[in-house]
2 protein chains.
Amino acid sequence: MSIAAVERDTGLSKDTLRVWERRYGFPTPSRDANGERLYPQEQVDKLRLIRRLLDLGQRPSRIIGSTTLELSAILEAHRGKDLNPEQEAREQVLLQYVRLHRSAELVTGLHQALMKQGLQRFVAETIAPLNEAVGEAWMRGEIDVPEEHLYTEQVQNILRSAIGANAVASGHPRILLTTFPDEHHILGLLMAEATLVPEGASCLSLGTRTPLADIRGAAVSGKFDIVGLSFSIAYPARQAVDGLTELRAALPTNIELWAGGAAVAGKQRRLPGIRVIGDLNDTVTALKEWRAAHAAH
Amino acid sequence: MSIAAVERDTGLSKDTLRVWERRYGFPTPSRDANGERLYPQEQVDKLRLIRRLLDLGQRPSRIIGSTTLELSAILEAHRGKDLNPEQEAREQVLLQYVRLHRSAELVTGLHQALMKQGLQRFVAETIAPLNEAVGEAWMRGEIDVPEEHLYTEQVQNILRSAIGANAVASGHPRILLTTFPDEHHILGLLMAEATLVPEGASCLSLGTRTPLADIRGAAVSGKFDIVGLSFSIAYPARQAVDGLTELRAALPTNIELWAGGAAVAGKQRRLPGIRVIGDLNDTVTALKEWRAAHAAH
DNA sequence: CATGGTGATTGTCCTAGACAAATGAAGTAG
DNA sequence: CTACTTCATTTGTCTAGGACAATCACCATG
C-alpha cells in the first residue's frame, strides 16, 4: 500500500506519516524497487486505530508504541461510557446483517425500523448509532471494505427513498447541503436532510465534494437561506475550521452557515458566525431558532 | 492565501504548486515572516482557470505562460466545437431544467418521465442521453460544478427509489456491482442496476471505489455469479484494461466479469474472458446469454 | 480553585533531487 | 488511410531531513 493510499485510508497526511517514522520508529514500511514506501496491511490497520484514538484526544507518543490489541482495549474503554443495553442489543442484531450474504435481511430490518419509528426517529435512533457501530467494527477489523460499502449503499437507498417521499417543493427555509472537496462521506448529509425535510424545510443536496468557490456561487445564485456542511470523523479538524472560516467570509451575511459532524464537534468557540450542529436533534433546534428569528418579519 | 488553502481551492496539490513554481516560474507567491508561501488572489484565480483547462485536456507548459484573459479565451474556444445543430437543440430542451432555481421542475420532469416510460425505458431513453448532454455541456462550460452535482443527486434519488421498489430478494443470477478505486462516478452503476433489477436479477451494489482485492473477496465470499464494473468517460482506458485483466485473473473462472461504460467501449478485443457491455440494451442481452448458458442445468 | 509561565510535543512547511507514468511526435506495417 | 511501435518530453508524486509555530501537559504562584 503506497503512502498516498494510506493517506486516503487513514486520513493521516503524507508529511505526518513520514515524520512519525522518523521520530517514533513507527510505521516501518518496506520499500519497493523504486525506494518508495510500501505499508503492510497490519500497520495500516494499526494506523487507523491510532487515528481513531487521536480523535478521542489521545496523543501520538503515548499510544504509538502499543500493540493493536492494547489500542483496541483503549478504544473499548472510551466506548463503554453511556451504553443503553437494550439499544445496544438491537444494534448488534442489525450489525450482524452487515454481511454480504445477509444483505436481504439488512434491507428488511432497516425497512421495518423505518416503518416503526418514522423517518426522524429512524435516523436519530437507528442509523446514527448503527453508523458508529459500523465505524467501530471497521476500525477493529471486524468488517471489511465491501461490507462497509454495502452498508453505506443500503442506508443511502433507504434514506433517499424516504427523503423523496417526504420532500416539500416550496418550504422554508431553503437549505443547501453539501461537503467540502475532500470529504467523500455522504451519510451525514443524508441524515441531516432526512431530519430537516419532515420539518418542512426545503433542502437541496449537492452531494459530496463541492469546491468552496462553487458552494458560495450556488448559495448566492440559488438564493438559499442556509448552507449546511457535513464533516465525517475522518475529516481533518483543522481543515474543517479553516475551510469554514474562509467560506463564512465569502458568504453574504444574510446566508447562515451550519456545520455538523464529528470533525467540528466542540469547535463552536473557534467558529464565530457559524452554527455548529451538535447532533441530529440539534438540527431541529437550529431550524426552530432560524424560524423564530425570521418570524418577526 | 496559504499553500494549503490554495490546494483546497484549486485542487492542485502542494507538491504540484511548488514544482510549477520551480519549473515554469508560475505562480510566484510572496513569503510571510516565516518564509511560507502567500498566494495573491489573482494568481489563485489564474490557477483555477488553468486547472479547468487541464481537465479539458490542455497541458500545463502550453498554457501556464498565458494571461488570465488569454486563458478565458481558450476556455471559450473549447465551447462551440462540433455542434450538431439538431442534436444540440434537443439537448438544450432537456438541459434547461438543470439549474439551481429549477430543481423542482427537474424532479417533477424526471418523475413524470419515469411513470410514463417505466424504469428500463426511462433509463435508456431519458437518463442516458441526458447524462451525455450534461457531460458535454459541462465540457463546454455551460453548466458548472453545483449544477452537475445537483443533476447527479436528483437522478440518484430517483433511481435508488425505483430500484428499491423493484428489487427481488432471491433472483438469479446474483450480480455484484461496483467500480474501481479511482472511479467516483456512480450513475453508470445505478443505470445498470436499474436495467437488471426489473429482469429479475439479484443485484448488490457496493457503490464506487472498491479496491480490487476486495472486489475479488466479496465476489467469492458472497457467491456471486457475475461481477459488473462501470467506467465513466473520464476513466483512463489503459487503467481500465489493466485493472480488468488483473481482476479477471484473480477471479474464479465460474464467476463472469462484465464491464461497461465509455472507457471500455470497443475494447472487447483486448479483454478476453470479459464481457464488454456496449450499451444499456446490451446489458439485457448479456443477461439473456447468461441465462441461456446456465439453463441446461 | 484559577491563572500564567515553561518546556516538550506535534503537524505542517521548506528545499531540491529523482523517477515513472502519461503524452505527443515520428516512424513503420497492414 | 489506419493502427500499432518507438522514442523523447512532459509532468505529478515521492524522497530526505531541517525548521518552526501552535498546542499541550505540567507546575508554581496569586
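Reply: Start with a term: two strands pair if DSSP finds at least two bridges between them. Keep in mind that this is a predicted model.

Take strand E3 of chain B, residues 174–178. Four bridges join E3(B) to E4(B), and the two strands run parallel. Two residue pairs show how they line up. B:Arg174 stands opposite B:Ser202 in E4(B). B:Leu176 has B:Leu204 of E4(B) as its bridge partner.

Now turn to the other partner. E3(B) also pairs with E5(B), again in the parallel sense and over four bridges. Here B:Ile175 has its bridge partner in E5(B), namely B:Ile226.

How does the chain get from E3(B) to E4(B)? Helix H10 of chain B, residues 187–196, belongs to that unit. Together, E3(B), H10 and E4(B) make a β-α-β unit, and the unit is right-handed.

Is E3(B) enclosed or open? Buried here means under 20% relative accessible area. Four of the five residues of E3(B) are buried, so the strand is largely enclosed by the rest of the structure.

In chain B it is an open sheet of five strands, in the order E4-E3-E5-E6-E7, with parallel pairing. Strand E4 (202–205) and strand E7 (275–277) of chain B are the edge strands, and each pairs on one side only. Neighbouring strands are turned by 25 degrees against each other on average, direction ignored.

A helix packs on this sheet as well. Helix H13 of chain B, residues 280–295, touches E3, E5 (226–230), E6 (256–260) and E7 of chain B. The direction of H13 makes about 150 degrees with that of E7(B).

An open sheet of five strands in chain A has the order E4-E3-E5-E6-E7, with parallel pairing. Why does one side of E4 (202–205) and of E7 (275–277) in chain A lack a neighbour in the sheet? Both strands stand at the edges with a single partner strand each, so one side of each is left without a neighbour. The twist averages 25 degrees from one strand to the next.

Strand E6 (residues 256–260) of chain A pairs with E7(A) in the parallel sense, over three bridges. A:Gly260 stands opposite A:Ile277 in E7(A). Helix H11 of chain A, residues 212–221, packs on the sheet and touches E3 (174–178) and E5 (226–230) of chain A. The direction of H11 makes about 165 degrees with that of E3(A).

Notes:
Residues are numbered from 1 along each chain as its sequence is written. Chains are lettered from A and ligands numbered from 1 in the order in which they are written. This is a predicted model: local features need pLDDT of at least 70, side-chain atom pairs count only at pLDDT 80 or more; totals for chains, interfaces and linings use all residues. Side-chain values use heavy atoms; hydrogens and water are left out. Axes are lines fitted to C-alpha atoms, for helices over the stretch in contact, and angles run from 0 to 180 degrees between N-to-C directions. Contact means heavy atoms within 4.5 Å. Buried means under 20% relative accessible area, exposed over 50%, partly exposed in between (1.4 Å probe, protein chains only). A crossover is right-handed if, with the strands pointing away from the viewer, the path from the first strand over the helix to the second runs clockwise.
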